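Student: Could we go through this protein together, working from its overall make-up down to single residues?

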Amino acid sequence: MNNVSAIKQRFNESPFFQHIGCHLITGRDGEMEIHLPITAELINTNGSLHGGVYATVIDNAMGAALRRAVPADVVTVSMNVHFLAGIKEGTCIGKGKVIQQGYNLAVCEAVMEDQNGTLLATGSGTFKMLRKGSGDENDRHNRSRNDGERDQL
């Protein structure tokens with residue numbers, strides 16, 4: 001199991017998390033929580049939280065739960081989100097957990113609720129662990145091409 005305070009620090013210091021206002025919170029055993037206060041910048045043209053924000057919360061809740069379980073960086077391979085209800089204000093809370101873990105791949109699930117416990121979305125994902133010494137650590141960072149362009153995972 002990874003050091004929870006180090007995982008929280010890494011997520012909470014992320015420029016992306018800071019930009020959208022997310023905070024990683026320790027969940028129950030095997031779970032990690034993400035709290036996101038809803039701001040005007042996250043609202044779509046229908047006046048509710050943008051679907052991409054739902055996906056971000058679900059994805060990062062699952063990834064944080066997996067990082068708690070394995071001593072490796074992880075990347076999302078595939079993800080599925082079911083949007084169940086809209087939200088316009090308040091705080092959304094993502095709760096991620098690991099369902100099945102192999103050496104290289106893991107399957108995770110997450111739910112997103114409002115501050116009152118109303119279910120807003122569910123999701124599942126497959127993640128790859130980037131273990132040191134396996135050759136996968138090169139995937140952790142952008143790889144340079146001959147022409148100097150960067151290739152993203």
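Student: What is the mean pLDDT of the protein?
Tutor: This is a predicted model, in which local features need pLDDT of at least 70 and side-chain atom pairs count only at pLDDT 80 or more, while totals for chains, interfaces and linings use all residues. Residues are numbered from 1 along each chain as its sequence is written, and side-chain values use heavy atoms, with hydrogens and water left out. On the scale of pLDDT, the predictor's confidence in each residue from 0 to 100, 83% of the residues reach 70 or more, and the mean is 86.

Student: Which pattern does the protein follow when read along the sequence?
Tutor: Helices (H or I, at least four residues) and strands (E, at least two) are taken as DSSP runs and numbered from the N terminus. The protein comes to three helices and eight strands, and their order along the sequence is α-α-β-β-α-β-β-β-β-β-β.

Student: Why do the buried residues of H1 count as being on the same side of the helix?
Tutor: The buried residues of H1 are Val4, Ile7 and Phe11. Taking the arc as that of the directions from the helix axis to the C-beta atoms, they lie on the same side of H1 because they cover an arc of only 65°.

Student: Is cysteine 92 buried or exposed?
Tutor: The structure holds zero disulfides, a disulfide being a pair of cysteine sulfur atoms within 2.5 Å. Cysteine 92 is in no disulfide, and the nearest cysteine sulfur, that of cysteine 22, is 7.0 Å away. Because its relative accessibility is 0%, cysteine 92 counts as buried.

Student: With which side chain does the side chain of glutamate 113 make a polar contact?
Tutor: Glutamate 113 lies in strand S5 and, at 17% relative accessibility, counts as buried. A polar contact is a pair of N or O atoms within 3.5 Å; within protein, one must be able to donate a hydrogen and the other to accept it, and residues adjacent in sequence count only if both atoms are side-chain atoms. At 3.2 Å, the partner of glutamate 113 is the side chain of lysine 95.

Student: With the side chain of which residue does the side chain of histidine 35 make a polar contact?
Tutor: Histidine 35 is placed in strand S2 (residues 31-37) and is partly exposed, with a relative accessible area of 24%. Not counting residues up to four places away in sequence, histidine 35 touches residues including Gly21, His23 and Cys92. Its side chain makes a polar contact, at 2.8 Å, with that of glutamate 33.

Notes: Buried means under 20% relative accessible area, exposed over 50%, partly exposed in between (1.4 Å probe, protein chains only). Contact means heavy atoms within 4.5 Å.
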